[in-house]
Amino acid sequence: MPSPHPTPKAAPIPPAGSALILLKINGVDHSLSIDPRTSLLDVLREHLSLTGPKKGCNQGACGACTVLVDDQRVLSCLSLAVQLEGRKITTIEGIANGELHPLQAAFIEHDGFQCGYCTPGQICSAIGMFQEFQNGLPSAVTGDVAAAAIEFSDAEIKERMSGNLCRCGAYVGICEAIHSAFDREVGK
Ligand code: FES
Ligand code: FES
């Protein structure tokens with residue numbers, strides 16, 4: 001006969017060697033028990049079903065996994081999730097604010113994608129790049145690094161976005177979309 005007083009369930013014990021972490025992603029706190037060797041990309045995709053960031057090469061060569069950490073672009077395949085507690089993590093799922101981000105709208109308007117696999121990384125990277133312009137950070141093709149404002153040129157965009165590959169070759173549309181979305185804000 002079953003006991004009228006069932007034994008209370010013990011709190012789940014994390015597997016040996018796992019780490020308990022709290023990540024803030026797109027404004028939402030997530031508490032996770034993970035292998036400390038897990039990349040941010042695998043946490044996003046495999047643990048939280050945030051499949052916007054894509055796994056292309058998983059070794060830092062393609063940019064498909066780009067997300068923003070404290071508004072700076074990072075490759076999530078090369079970032080350990082345990083190092084990011086307390087940081088603001090933004091994926092493509094957190095870019096729109098009720099309506100499409102101007103860059104998302106511009107990608108549609110200017111045919112900035114074909115299969116779309118690289119697009120989440122391209123958009124996160126472009127938003128991070130725009131912040132770099134606003135902070136006055138030069139690139140390898142900046143002529144006058146002491147200039148008050150860096151010219152928002154095609155050469156600058158191509159250089160700064162060169163870590164994001166597009167296997168469909170939608171580069172012309174991507175460049176046009178970035179220009180269209182950000183031209184006015186950088187004071188061209
Ligand atoms: S998947 Fe991260 S750079 Fe390719
Ligand atoms: S649109 Fe297909 S990889 Fe870029």
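Predicted model: local features only at pLDDT ≥ 70, side-chain atom pairs only at ≥ 80, totals over all residues.

**Exercise 1.** How do the residues of the lining of the largest pocket divide into nonpolar, polar and charged?

*Solution.* Begin with the lining itself: the largest pocket is lined by L68, D71, T90, I95, H101, P102, I127, F130, Q131, A181, F182 and E185. Next, sort these residues by class, which gives 7 nonpolar, 3 polar and 2 charged. Then assign the lining to secondary structure: α3 and α5 (171-182) are the elements that give two or more residues to the lining of the largest pocket. Of these, α3 supplies the largest share, 3 residues. Finally, the space in the largest pocket is about 220 Å³.

**Exercise 2.** Determine which element gives the largest share of the lining of the second largest pocket, and describe that lining by class.

*Solution.* The lining of the second largest pocket consists of Q122, I157, K158, M161, S162, N164, Y171, V172, I174, C175 and I178. Two or more residues come from each of α4 (154-160) and α5. The largest share belongs to α5, with 5 residues. By class, the lining of the second largest pocket has 7 nonpolar, 3 polar and 1 charged residues. The volume of the second largest pocket is about 150 Å³.

**Exercise 3.** Characterise the packing of α2 and α3, starting from the angle and the distance between their axes.

*Solution.* Two packed helices are described by the angle between their axes and the distance between the axes. For helix α2 (residues 102-109) and helix α3 (residues 119-134), the angle is about 130 degrees and the axes are 10 Å apart. The roughly perpendicular range is 65 to 115 degrees and roughly antiparallel means over 145; α2 and α3 are therefore oblique to each other. The crossing in which α2 passes α3 is right-handed. On the α2 side the contact is made by L103, Q104 and F107, and on the α3 side by T119, Q122, I123, A126 and I127. This contact of α2 with α3 comprises 5 nonpolar, 3 polar and no charged residues.

**Exercise 4.** At what angle do α3 and α5 pack, and which residues make the contact?

*Solution.* The angle between α3 and α5 is about 45 degrees, with the axes 11 Å apart. Roughly parallel requires an angle under 35 degrees; α3 and α5 are therefore oblique to each other. The contact involves Q122, A126, I127, M129 and F130 of α3, together with I174, I178 and F182 of α5. Sorted by class, the contact of α3 with α5 has 7 nonpolar, 1 polar and no charged residues.

**Exercise 5.** Describe how α2 and α5 cross, and sort the residues of their contact by class.

*Solution.* The axes of α2 and α5 come within 8 Å, and the crossing is at roughly 135 degrees. With the antiparallel class set at over 145 degrees, α2 and α5 are therefore oblique to each other. Their crossing is right-handed. From α2 the contact draws on P102, L103, A106 and F107, and from α5 on I174, A177, I178, S180, A181 and F182. Divided by class, the contact of α2 with α5 has 9 nonpolar, 1 polar and no charged residues.

Key:
Residues numbered from 1 in each chain as written. Chains lettered and ligands numbered in written order. Heavy atoms only, no water. Axes fitted to C-alpha atoms, helices over the stretch in contact; angles between N-to-C directions. Helix = DSSP H or I, 4+ residues; strand = E, 2+ residues; numbered from the N terminus. Left-handed = near helix turned anticlockwise from the far one by under 90°. Contact = heavy atoms within 4.5 Å. Nonpolar A, V, L, I, M, F, W, Y, C, P; charged D, E, K, R; others polar. 1 Å grid on protein atoms, 1.4 Å probe; cavity = no way out; pocket = protein on both sides within 12 Å on 5 of 7 lines; lining within 4 Å. Points joined across faces, edges and corners; volume = space filled by probe spheres on them.
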